[in-house]
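Hello,

Here is the structure I promised to pass on. Have a look at it first, and my notes on what turned up follow below.

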Amino acid sequence: RKAAAQGYRGAVYDMGVAYAHGRGVPRDAAQALAWSRKAAEQGYPDAEYELGVAYYKGDGVPKDASQALVWWRKAAEQGHSDAEYELGVAYDKGDGVPKDDVQAVEWIRKAAERGSPLAQTWLGDAYSLGNGISKDDAQAVVWWRKAADQGFPDAEYLLGVAYAEGDGVSKDAAQAIAWVRKAADEGSAEAQTWLG
């Protein structure tokens, strides 16, 4: 609180987190939002992202996808990978912005390159299906493997299926079963069904 009073934007954001989760203060959604807004208005990317989420869900503010995108874009332009991903998904779905597959891939690639397993899996899917990018099964496997190596079940499953089908990699039943089993063990119903 003392650091926040001096304008330290990280502390301003942390005050919002404290109120949101009731850490050291009573849980208070209005206070959490007020502190997060202050940090976002100071250009703190985590707060900008969280404020975008609040607007997107209508959590403490009126639901407003266009306002969500304003805040996500600010955070994304500072390299916030979750914001880059959400902005890309908005372009992919045409949610609050005109649908634009090229912009979707551009923003999600940034998040994928920063290590987001969700973005890496999405990018692998885009390569696999040729959505907004040239179809390239080998590149799909590259991105799924990056996410799978981080223990992301959707990517583990997709990588296993690629090995089973020989899409982008040589067919390898042992690798297929190993990757799908990892996803199944982590609770993926799709992987459990495939494995069965």
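A word on naming before the details: helices here are DSSP runs of H or I with at least four residues, numbered from the N terminus. Please also keep in mind that this is a predicted model.

With that numbering, glutamine 192 is found in helix 12, which covers residues 189-195. Apart from neighbours within four places in sequence, glutamine 192 is in contact with Ala184 and Gly187. Its side chain reaches the backbone oxygen of alanine 184 at 3.0 Å. Glycine 58 is another matter: glutamine 192 and glycine 58 are 134 residues apart in sequence, and their C-alpha atoms are 35 Å apart in space.

Now for the rings. The structure holds two aromatic pairs. In one, tyrosine 13 and tyrosine 44 have ring centres 5.3 Å apart and planes at 40°, so the pair is tilted. Tyrosine 13 belongs to helix 2 (residues 9-21), while tyrosine 44 sits in the loop between helix 3 (29-41) and helix 4 (45-57), so the pair ties together parts that are 31 residues apart in sequence. Tyrosine 13 counts as buried, with 12% relative accessibility.

The other pair is tyrosine 56 with tryptophan 72; here the centres are 5.4 Å apart and the planes again meet at 40°, so this pair is tilted too. It links distant parts of the chain, with tyrosine 56 in helix 4 and tryptophan 72 in helix 5 (residues 65-76), 16 residues apart. Tyrosine 56 is partly exposed at 32% relative accessibility, whereas tryptophan 72 is buried, with a relative accessible area of 3%.

Helix 5 deserves a look of its own.

Finally, two lysines to look up. The charged end of lysine 74 sits over the ring of tryptophan 71, at 5.0 Å from its centre. Lysine 146 lies over the face of tryptophan 143, 5.2 Å from the ring centre.

Technical notes: Residues are numbered from 1 along each chain as its sequence is written. This is a predicted model: local features need pLDDT of at least 70, side-chain atom pairs count only at pLDDT 80 or more; totals for chains, interfaces and linings use all residues. Side-chain values use heavy atoms; hydrogens and water are left out. Rings of Phe, Tyr and Trp (its six-membered ring) pair if their centres lie within 6.5 Å; planes under 30 degrees apart count as stacked, over 60 as edge-to-face and the rest as tilted. Helices (H or I, at least four residues) and strands (E, at least two) are DSSP runs, numbered from the N terminus. Buried means under 20% relative accessible area, exposed over 50%, partly exposed in between (1.4 Å probe, protein chains only). A charge sits over a ring if NZ of Lys or CZ of Arg is within 6 Å of the ring centre and within 35 degrees of the ring normal. Contact means heavy atoms within 4.5 Å. A polar contact is a pair of N or O atoms within 3.5 Å; within protein, one must be able to donate a hydrogen and the other to accept it, and residues adjacent in sequence count only if both atoms are side-chain atoms.
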